Amino acid sequence: MALRRLIIFTLMLLKSSLLYAFGDLQNHDKKTLIQEEIKKILDAADKDLKAYRLTTPKEKNAFNKYQKVLELEPQNKVAQKGLQRIVYRYIRLAKKSIEKKHFKKAEGFLNKALSIGVNKKSVQKTLKEYYYIQSGSPKEGDIWTNPLTQNKYVWINDNCFQMGSPDTDQLSDG
């Protein structure tokens, strides 16, 4: 009877060891397959980026592919960098359009750059350049409506507005 229990216990232990090992093997294979899939998607995204298929056509563009990689691996640096590269391409396209005075086209590129959701400061800087060139030299008091956000701004010349409190203010750190 004791021998029978020992054999059953040994078989159960062997079975659980095999299941554990097989489970690890399956898990390892799954991770390898995911990494291989990510590599394929990144390679395809790079081709789309080089061909300037940035956000269109709908199913064959770099943006969608980088997003797919980030769904599989949210911290993937290559995909994050890829999104930044898309924004820089749109900024470059916008600047070329601005130089040619194709302002609607430039506006469209800047809209697309903003929709990516990264490098917003770079897009805003280009937007400022866009406004300055589109409107000619703005004068103090000119009102400008941002074509992307519809926010209204009043042009203030350099050195006419002091940020912060004067040193004489009781609450000032000065």
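**Helix pairs and core**

Mentor: This is a predicted model. α2 and α3 pack with their axes 9 Å apart, at an angle of about 155 degrees.

Trainee: Why does α2 count as roughly antiparallel to α3?

Mentor: Angles over 145 degrees count as roughly antiparallel, so α2 is roughly antiparallel to α3. The crossing of these two is left-handed.

Trainee: Which residues make the contact?

Mentor: On α2, Ala 62, Phe 63, Tyr 66, Gln 67, Val 69 and Leu 70. On α3, the list includes Val 78, Leu 83, Arg 85 and Ile 86. By class, the contact of α2 with α3 has nine nonpolar, three polar and one charged residues.

Trainee: OK, next pair. At what angle do α4 and α5 cross?

Mentor: Roughly 165 degrees, and their axes come within 10 Å. α4 and α5 are therefore roughly antiparallel to each other, and their crossing is left-handed. Among the contact residues are Phe 103, Leu 110 and Leu 114 of α4, and Val 123, Leu 127 and Tyr 130 of α5. The class count here is nine nonpolar, three polar and two charged.

Trainee: Now the largest nonpolar core. Which members touch the most others?

Mentor: Tyr 66, Leu 83, Ile 86, Val 123 and Tyr 130, out of 31 residues. The elements giving two or more residues to this core are α1, α2, α3, α4 and α5.

Trainee: Which helix gives the most?

Mentor: α3, with eight residues.

Trainee: And what is Ile 86 in contact with, beyond four places in sequence?

Mentor: Leu 49, Leu 54, Ala 62, Phe 63, Tyr 66 and Ile 116.

Key
Residues numbered from 1 in each chain as written. Predicted model: local features only at pLDDT ≥ 70, side-chain atom pairs only at ≥ 80, totals over all residues. Heavy atoms only, no water. Core = buried A, V, L, I, M, F, W, Y, C linked by side-chain atoms within 4.5 Å. Buried < 20%, exposed > 50% of the residue type's maximum accessible area, 1.4 Å probe, protein only. Helix = DSSP H or I, 4+ residues; strand = E, 2+ residues; numbered from the N terminus. Contact = heavy atoms within 4.5 Å. Axes fitted to C-alpha atoms, helices over the stretch in contact; angles between N-to-C directions. Parallel < 35°, antiparallel > 145°, perpendicular 65-115°, else oblique. Left-handed = near helix turned anticlockwise from the far one by under 90°. Nonpolar A, V, L, I, M, F, W, Y, C, P; charged D, E, K, R; others polar.
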